[in-house]
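Here is a short briefing for a first look. It moves from helix packing to the core, then to chains and domains.

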Amino acid sequence: MAKLHVSTTINGEPMEFLCEHSDTMLDALRGPLGLTGSKEGCASGDCGACSITIDDRLICSCLMLAAEAEGHEIRTIEGMAHGEKLHPLQQKFLEMAALQCGICTSGMLVASDALLRKNPRPSEEEVRFWLAGNLCRCTGYDKIVRAVLETAAEMQEQGLKEFCQ
Amino acid sequence: MTELRYLAPSSLDEAIGAFAAAGSAARILAGGTDLLVQMRSGVLKPGLIVDIKKIAEMTAIEETADGGFHIGAAASGMALAEHARFGKVWPGVLEAVNLIGSKQVQGRASAGGNLCNGSPAGDSVPAMVAAGAIVTVQGPNGRRQMKVEDVPAGPGRTNLLPGEILVSFTLPPRPKGSSDAYLRMIPRTEMDIAVVGVGVSLTLKDGVCTAARIGLGAVAPTVLLVEAAANALIGSKLDDAALNAAAAACSAACRPIDDKRGTITYRTKVAGVLLKRTTAIAAKRAQEN
Amino acid sequence: MNVVTNNKWIGQRTIRPDGVDKVTGRAAFAADTNMPGMIWGKVLRSPHPHARIKSIDTSKAEALPGVKAVVTARDIVDFPVDKSVMLGIQDMRWMCRNVMAREKALFPGHPIAAVAATSEAIAAKACELIEVDYEVLPWAIEIDDAIKPDAPILHESLKFEGKPSNIAGRLEVKKGDVAEGFKQAEVVVERTFTTRPVHQGYIEPHACLVSVAADNKTTIWSSSQGQFMVRAMTAYLTGFPQSDIRAIPAEIGGGFGGKTIVYLEPLATLLAKKSGRPVKMVMTREEVMRATGPTSGSKSTVKIGAKKDGTIVAAQGTFYLQAGALPGSPIRGAVGCSFSPYDIPHVLSVGFDVLSNRSKVAAYRAPGAPIGAYAVECVLDELAEALKMDPLELRLKNAAKQGTKAAHGPVFPRIGYIETLEAAKAHPHYTAPLGKLQGRGVASGFWFNAGGESSAQVNITEDGNVVVTTGHPDIGGSRAAIANICAELLGIDYRRVSVLIGDTATVGFSNLTGGSRVLFASAMVVTQSTDKIIATLKERAAKIWEIDPEAVKWENGAAHPASPNAGEFPPLTLAELAAKAPAMGGPIGAGVQLNTEGAEGGFGTHICDVEVDTELGIVRVIRYTAVQDVGRAVHPSYVEGQMQGGVAQGIGWALNEEYIYRKDGKVDNPGFLDYRMPVCSDLPMLDTVMVEVPNPKHPQGVKGVGEVPLVPVMAAVANAVHNALGKRFYALPMSPPKVLEELEG
């Protein structure tokens with residue numbers, strides 16, 4: 001079977017790539033697209049380390065075929081900062097030590113960003129249930145949850161609109 | 001897996017043509033949250049994947065003039081949650097669909113996929129059974145309708161005919177005083193497969209239960225419609241005696257297995273406990289409608 | 001109880017040096033690197049729990065287009081079973097049989113052969129074409145099955161009490177005369193406990209990329225808890241000299257002890273050598289769960305006797321731990337740590353290393369200690385109940401302190417165990433009201449901690465900034481702590497200090513990241529290196545000022561005259577001295593290599609509240625406070641992070657994590673769906689109290705902090721469940737079906 005040619009948008013840039021029909025979006029990101037920020041922890045949708053958004057909807061890229069990206073808009077961890085300016089969640093994760101080994105961090109940030117876009121002031125319980133699909137084995141989640149709550153509060157106070165669109 | 005072919009037709013006829021022609025080697029791709037896992041683990045090696053999400057009818061969510069709903073088989077749980085009215089009319093179905101996996105999975109997983117995957121533990125199925133949903137299927141010989149509880153044939157198997165594709169669910173209009181609820185037992189708070197799942201849909205009039213349907217999951221080879229439990233509730237004021245009788249009927253209906261997720265004893269007991277808890281939630285919601 | 005100091009950076013919550021890379025997705029973990037011409041390796045694994053390998057025919061696999069190399073045990077250096085060859089705590093005769101089955105396949109998932117091909121799909125297909133003739137043998141997985149008289153024997157050459165046995169070793173720790181001690185006891189509690197095997201659960205699967213040049217010069221890129229361990233083990237198993245191997249540590253996506261041995265690196269090296277192509281190997285999650293080291297399942301019997309006033313007079317423990325298919329369960333941790341928090345005159349603690357047909361265990365956070373503490377701390381809870389004493393009071397009455405001789409040998413110096421008990425007792429959590437079906441439990445724990453070999457190089461750049469290179473993979477924020485220490489010593493902003501992890505060619509030998517040793521040991525070598533640099537800087541300032549070096553002091557990042565007597569000179573900053581370096585004797589830098597000593601044990605005391613759904617058997621942890629003597633919290637956030645992470649792992653171990661086996665001996669839950677680690681919504685905030693009793697033998701007072709926090713957790717949860725329900729559970733995990741069965745039972 002000849003490879004598929006896929007035209008898509010990744011982090012705002014038009015992109016084209018070739019993939020096997022059976023390749024997942026995670027395979028394509030980590031392979032031909034060279035975007036290794038999305039991690040493979042399980043390849044079964046249970047750990048969330050490969051979280052991306054497609055048309056602003058949070059998904060696991062291991063559970064999507066690369067072919068399905070045709071004509072859609074994909075966002076990954078690599079598109080989260082604006083140039084040199086870190087997203088407030090990224091900055092807060094650093095300040096509040098919401099990461100240890102860092103392997104889950106990309107997925108945590110992408111998922112947290114998706115939450116705040118939908119629900120700018122979530123409760124602790126809402127954060128915890130939203131992030132239930134993102135496994136972290138290092139932190140016990142405490143500092144991650146606090147960082148998300150703190151970012152939400154700060155973003156609302158400061159009206160950081162550039163990261164809300 | 002290199003022999004696999006991916007197709008994303010934009011019409012149902014085209015999809016059915018390709019799907020039927022490829023025979024047993026073909027698989028339908030809706031959310032893909034079961035299919036891709038099965039492919040990755042080597043359980044499934046399909047020759048053709050038909051992605052149905054480019055077919056408008058498959059992802060549509062429509063409230064009908066009479067107050068019922070048509071839900072495209074591939075509509076994701078998140079899309080249902082974002083619908084302005086659906087969750088108000090069918091909160092139990094919505095909560096069931098949105099217990100399938102993580103938020104990431106809910107962004108993809110559909111009620112149609114959950115049903116066609118054929119797992120007795122699929123969360124949306126007991127709620128759909130309780131809701132009295134009718135499914136529309138279409139194949140090379142045209143369209144037909146089935147009761148949702150008639151779709152599963154056993155673990156991993158359905159009663160769809162070769163070449164047939166599940167198109168949509170139809171949920172009936174709700175009389176005043178009606179609501180539904182779904183609860184499942186899992187060891188953690190999220191991310192597990194149901195050990196037992198219970199969907200309850202009921203109608204209350206002056207505090208008396210005038211109609212009820214109960215779907216019970218993960219306790220038998222297929223999701224069960226437990227009429228004996230519903231009959232125990234109908235005509236009662238959902239008093240303890242009625243709830244105990246319904247719980248006993250649920251436990252009696254169980255034909256579970258011992259596996260890594262639960263034991264026969266545990267599942268049988270929990271089915272009754274969950275019936276009571278789910279009924280209480282549905283009743284509270286019904287009183288507010 | 002934070003120690004008041006004048007420190008500017010030690011104790012500050014600085015931004016970690018590797019942080020920006022990790023929040024932007026740039027950090028390169030093991031599977032994130034590729035090389036030109038790279039091909040893919042895959043492992044064929046045994047489907048049987050126990051089978052003699054009669055023959056392996058790889059010819060069909062080798063003939064498949066795209067296949068570039070195949071290796072089997074024949075390609076791996078053989079270490080005969082009758083002669084021990086130790087590398088650290090690992091015996092190479094077992095390691096060579098763990099990376100590739102030799103005479104027998106010993107567990108489902110045991111590697112049989114490895115293939116390298118131009119794509120992963122071809123490599124997988126080639127594995128299917130390898131023909132293995134197995135003679136399937138009877139097998140045993142559970143401890144009781146493995147030690148019964150007619151059990152199938154895994155290794156005929158291993159004998160216990162003169163007979164072939166699955167008991168591969170026995171370890172005893174003894175103090176006083178335990179029989180005599182129990183005669184003095186007025187209350188005795190004896191109970192037997194079981195725990196299931198649990199996995200470390202790192203989110204990053206094992207992965208490596210290896211290139212071997214025609215002259216055997218080898219580069220290994222992999223994530224591990226020790227690049228020097230990777231180099232040495234790969235050298236042993238391939239026969240390459242260590243000098244030909246350069247092991248580069250990738251960022252490590254969690255280890256918790258599980259990445260202290262190699263699985264893939266020797267196979268990839270041999271495949272790369274045979275094929276002449278760089279070879280990448282990445283495990284699937286299923287391979288990680290089936291074939292890499294969890295920790296032991298266990299069966300422990302603990303007996304403790306006390307006087308009516310609560311004085312413990314004797315304690316005895318017998319700990320059977322599953323080793324998996326090859327010897328080496330962590331009996332030392334179970335036997336040695338369990339009674340160490342207490343000053344007990346008569347102790348007998350015995351451990352047995354039990355072989356069985358499951359994957360060989362690897363270290364897991366305070367290996368063995370949580371298993372022992374679970375039994376001991378639950379018995380203490382029962383003892384407190386029998387004595388009608390508050391459980392913290394019972395522990396306080398018997399707490400080890402300075403001068404106590406621990407059963408495992410050492411006499412404790414100044415330690416902080418009592419402080420953790422007092423802080424727990426004083427914490428509002430301990431007296432907060434509880435609701436219906438809620439309960440509270442406490443437990444303590446001890447871990448040895450470790451020192452050992454470390455190397456560091458500290459260099460001053462030409463513009464007066466600092467680059468520190470150490471040899472330990474950073475698993476939990478050690479680079480951040482090292483930056484704080486170096487900046488503190490030099491009196492400069494921590495952002496001027498870059499901390500890097502060197503590879504085996506660029507930094508001196510450094511032992512594993514493990515045993516909670518990294519900051520203890522690397523702080524020592526970094527401190528000594530930095531002190532040498534400061535001495536050089538003072539000498540150079542003295543030369544410029546034409547005064548005695550003794551008359552120069554180093555403060556706030558600059559040389560100053562030590563006193564007015566020394567003369568009046570404007571300070572010379574680090575940047576100024578660096579700029580003058582070429583004319584003043586050359587580059588400024590210093591390296592130190594040490595076998596560090598003086599690591600002192602760590603203690604923690606935990607308080608746990610649970611709520612039980614008695615109709616469904618579900619236990620939820622609703623509040624948790626971990627108190628720990630952390631020595632000195634050089635970077636408090638990452639100390640708290642270690643404590644919180646350990647607690648979360650312990651809660652998983654207590655409630656839902658376990659290996660479940662099918663009737664055919666295979667693991668039935670080899671993935672994150674049914675191996676149920678805690679998810680975010682399962683846990684409350686995890687409160688921490690850092691008690692700082694500095695280690696007198698360390699320049700910054702550092703004690704290891706990473707392992708202690710897992711030790712008390714399962715007992716704290718179990719004791720809380722008892723407090724909620726009035727029922728005791730003697731088996732983990734306390735999963736819903738088991739809890740309900742017990743409640744109904």
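Helix axes here are lines fitted to C-alpha atoms over the stretch in contact, and angles run from 0 to 180 degrees between N-to-C directions. The model is predicted.

**Two helices of chain C**
- Helix 3 (residues 92–99) of chain C packs against helix 7 (residues 227–238) of chain C at an angle of about 80 degrees.
- The axes of this pair are 10 Å apart.
- Angles of 65 to 115 degrees count as roughly perpendicular, so helix 3 of chain C and helix 7 of chain C are roughly perpendicular to each other.
- Helix 3 of chain C brings Met92(C), Met95(C), Cys96(C) and Val99(C) to the meeting. Helix 7 of chain C brings Met233(C), Tyr236(C) and Leu237(C).
- By class, the residues of this contact are seven nonpolar, no polar and no charged.

**The largest nonpolar core**
- The largest nonpolar core has 409 residues.
- Within this core, Val115(C), Cys486(C) and Val717(C) touch the most other members.
- What does Cys486(C) touch, not counting residues up to four places away in sequence? The partners are Val458(C), Val466(C), Val468(C), Val497(C), Val526(C) and Thr530(C).

**Chain A against chain C**
- 42 residues of chain A are in contact with 42 residues of chain C.
- On the chain A side, helix 2 (88–95), helix 3 (105–118), helix 4 (124–130) and helix 5 (142–158) of chain A give two or more residues.
- Helix 2 of chain A gives the most, with four residues.
- The chain A side divides into 22 nonpolar, twelve polar and eight charged residues.

**Chain B against chain C**
- Here 18 residues of chain B are in contact with 17 residues of chain C.
- Helix 12 (residues 264–288) of chain B supplies the largest share of the chain B side, four residues.
- The chain B side divides into eight nonpolar, four polar and six charged residues.

**Domains of chain A**
- Chain A is divided into domain 1 (4–79) and domain 2 (88–163).
- The C-alpha centres of these domains of chain A lie 21 Å apart.
- Their contact takes 13 residues from domain 1 of chain A and eleven residues from domain 2 of chain A.
- Strand 3 (residues 51–54) of chain A gives the most to the domain 1 side, with three residues.
- That side of domain 1 of chain A has six nonpolar, six polar and one charged residues.

**Domains of chain B**
- Chain B is divided into domain 1 (5–119 + 134–171) and domain 2 (178–288).
- The centres of the two, taken over C-alpha atoms, are separated by 25 Å.
- Domain 1 of chain B gives twelve residues to the contact, and domain 2 of chain B gives 15 residues.
- Helix 6 (91–97) and strand 8 (152–154) of chain B each supply at least two residues of the domain 1 side.
- Helix 6 of chain B gives the most to that side, with five residues.
- By class, the domain 1 side in chain B has seven nonpolar, three polar and two charged residues.

**One residue of chain B**
- Ala241(B) is found in helix 11 (residues 240–253) of chain B.
- Is Ala241(B) buried or exposed? Ala241(B) has 11 other C-beta atoms within 10 Å. A residue with 12 or fewer counts as exposed, so Ala241(B) is exposed.
- Ala241(B) and Gly142(B) are 99 residues apart in sequence. In space they are 47 Å apart, C-alpha to C-alpha.

Definitions and conventions:
Residues are numbered from 1 along each chain as its sequence is written. Chains are lettered from A and ligands numbered from 1 in the order in which they are written. This is a predicted model: local features need pLDDT of at least 70, side-chain atom pairs count only at pLDDT 80 or more; totals for chains, interfaces and linings use all residues. Two residues are in contact if their C-beta atoms, placed from the backbone, lie within 7 Å. Ala, Val, Leu, Ile, Met, Phe, Trp, Tyr, Cys and Pro count as nonpolar, Asp, Glu, Lys and Arg as charged, and the others, Gly among them, as polar. A residue is buried if 20 or more other C-beta atoms lie within 10 Å of its own, exposed if 12 or fewer, and partly exposed in between; C-beta atoms are placed from the backbone. Angles under 35 degrees count as roughly parallel, over 145 as roughly antiparallel, 65 to 115 as roughly perpendicular and the rest as oblique. A nonpolar core is a set of buried Ala, Val, Leu, Ile, Met, Phe, Trp, Tyr and Cys residues joined through C-beta atoms within 7 Å. Domain bounds come from an automatic or database domain assignment.
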